[in-house]
Amino acid sequence: MEFRDFSQRLLAERDPALAMAVVATVGSTHTLGRRLIDEAGEEPESPPVAAVDLVAWEQTAGRGRDNRRWSSPPGCGIYLTLVRTLSRGSLQLLPLIVGATLVDAIESASPRQPVRLAWPNDLVAGDVKLGGLLIDAVSRANGDTAAVVSFGINHSGPLEQLAAPRPTSLEALAVEGDLASWALRLRDAVDARLRSTPDAAQVLADYRRLSAHRAGDRLSVRDGNGGRIEGTFLGVDARGFLRLDVDGEERLLSAGRLDA
């Protein structure tokens with residue numbers, strides 16, 4: 001599939017009520033989404049942020065958590081950002097909602113190996129990485145909260161070119177469907193969930209059901225300062241915080257990344 005075919009498909013099948021931009025090359029759809037919010041104005045009378053979808057064929061500065069680089073070669077992945085105005089009450093649940101929604105959508109295509117969620121934001125199949133998500137919330141002067149919801153999913157291409165030290169892709173997992181079809185499918189799934197009122201108990205149950213971790217697993221986590229915390233997995237709490245038993249004491253971690 002070439003970029004022209006990709007962009008024409010997405011624009012032809014987009015929700016006419018939403019704005020969509022499909023670009024051949026961009027530094028980062030997530031950075032672009034943040035810029036749109038910043039430029040929308042910070043005055044109390046500023047209008048709500050428009051709902052916008054940003055899709056790239058290639059990213060030259062794709063990023064994940066902690067500004068880590070996300071390899072985004074042309075035509076090999078779904079690089080997509082949704083900009084939405086959301087209620088403050090749903091923001092805390094967003095990473096859990098979006099992660100579970102993406103996994104359920106992919107699992108419905110019966111991949112060769114189950115896809116699961118590795119805390120805090122990765123989609124994995126066994127010990128290889130399929131994708132990840134990045135979410136920011138920006139409180140505005142008019143009382144709105146704008147959310148920038150981004151995800152990158154490896155679709156196809158040589159694995160050595162894809163994101164993550166040990167990557168996989170939808171193609172490698174024997175999932176059928178071209179890049180445009182999967183971009184639309186995942187965009188629609190996430191958008192539908194963002195439009196609905198979240199049930200906190202169900203969101204947490206879905207996240208736990210799809211977790212790659214099981215009670216008793218040993219995990220090593222790098223915190224934001226580069227320190228390492230090792231412990232036994234106890235689960236996640238109602239906020240999505242990681243619960244670890246560290247030398248007999250329970251520790252709660254709101255952010256970090258798992259050591260490979």
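Modeller: Start with handedness. A crossing is left-handed if the near helix is turned anticlockwise from the far one by less than a right angle, and right-handed if clockwise. Here the crossing of helix 4 and helix 6 is left-handed. Helices (H or I, at least four residues) and strands (E, at least two) are DSSP runs, numbered from the N terminus.

Colleague: What should I know about the source?

Modeller: This is a predicted model: local features need pLDDT of at least 70, side-chain atom pairs count only at pLDDT 80 or more, and totals for chains, interfaces and linings use all residues. Residues are numbered from 1 along each chain as its sequence is written, and side-chain values use heavy atoms, with hydrogens and water left out.

Colleague: At what angle do helix 4 and helix 6 pack?

Modeller: Axes are lines fitted to C-alpha atoms, for helices over the stretch in contact, and angles run from 0 to 180 degrees between N-to-C directions. Helix 4 (residues 94–107) and helix 6 (residues 200–209) pack at about 50°, and their axes are 9 Å apart. The pair is therefore oblique. The classes are: under 35 degrees roughly parallel, over 145 roughly antiparallel, 65 to 115 roughly perpendicular, the rest oblique.

Colleague: Which residues of helix 4 and helix 6 meet?

Modeller: Contact means heavy atoms within 4.5 Å. Helix 4 brings Leu96, Ile97, Ala100 and Asp104; helix 6 brings Val203, Leu204, Asp206, Tyr207 and Arg209. By class, this contact of helix 4 with helix 6 has six nonpolar, no polar and three charged residues. Ala, Val, Leu, Ile, Met, Phe, Trp, Tyr, Cys and Pro count as nonpolar; Asp, Glu, Lys and Arg as charged; the others, Gly among them, as polar.

Colleague: Which residues of helix 6 are buried?

Modeller: Buried means under 20% relative accessible area, exposed over 50%, partly exposed in between (1.4 Å probe, protein chains only). In helix 6 the buried residues are Val203, Leu204, Asp206 and Tyr207. Viewed down the axis of helix 6, they fall within an arc of 160°, so they line one face. The arc is taken over the directions from the helix axis to the C-beta atoms. Their cover includes helix 4, strand 4, helix 5 and strand 9 (228–236).

Colleague: How does helix 4 pack on helix 5?

Modeller: At an angle of about 140°, with the axes 9 Å apart. That makes helix 4 oblique to helix 5. Their crossing is right-handed. Leu94, Ile97, Val98, Thr101, Leu102, Ala105 and Ile106 of helix 4 meet Trp182, Arg185, Leu186, Ala189, Val190, Arg193 and Leu194 of helix 5. By class, the contact of helix 4 with helix 5 has eleven nonpolar, one polar and two charged residues.

Colleague: Which residues of helix 1 are buried?

Modeller: In helix 1 (residues 3–12) Phe6, Ser7 and Leu10 are buried. Seen down the axis of helix 1, the buried residues fall within an arc of 90°, so they line one face. They pack against strand 1 (19–26), strand 2 (52–59) and helix 5. The face turned away carries exposed Arg4 and Ala12.

Colleague: Which peptide bond is cis?

Modeller: The bond from tryptophan 119 to proline 120, with omega near 0°. Proline 120 lies in the loop between strand 4 (116–118) and strand 5 (122–125).

Colleague: Last one: what does glutamine 161 contact?

Modeller: Leaving aside neighbours within four places in sequence, glutamine 161 is in contact with Ser71 and Pro73. The C-alpha atoms of glutamine 161 and proline 73 are separated by 7.1 Å, with the two residues 88 apart along the chain. Glutamine 161 is in the loop between strand 7 (145–154) and helix 5 (179–195).
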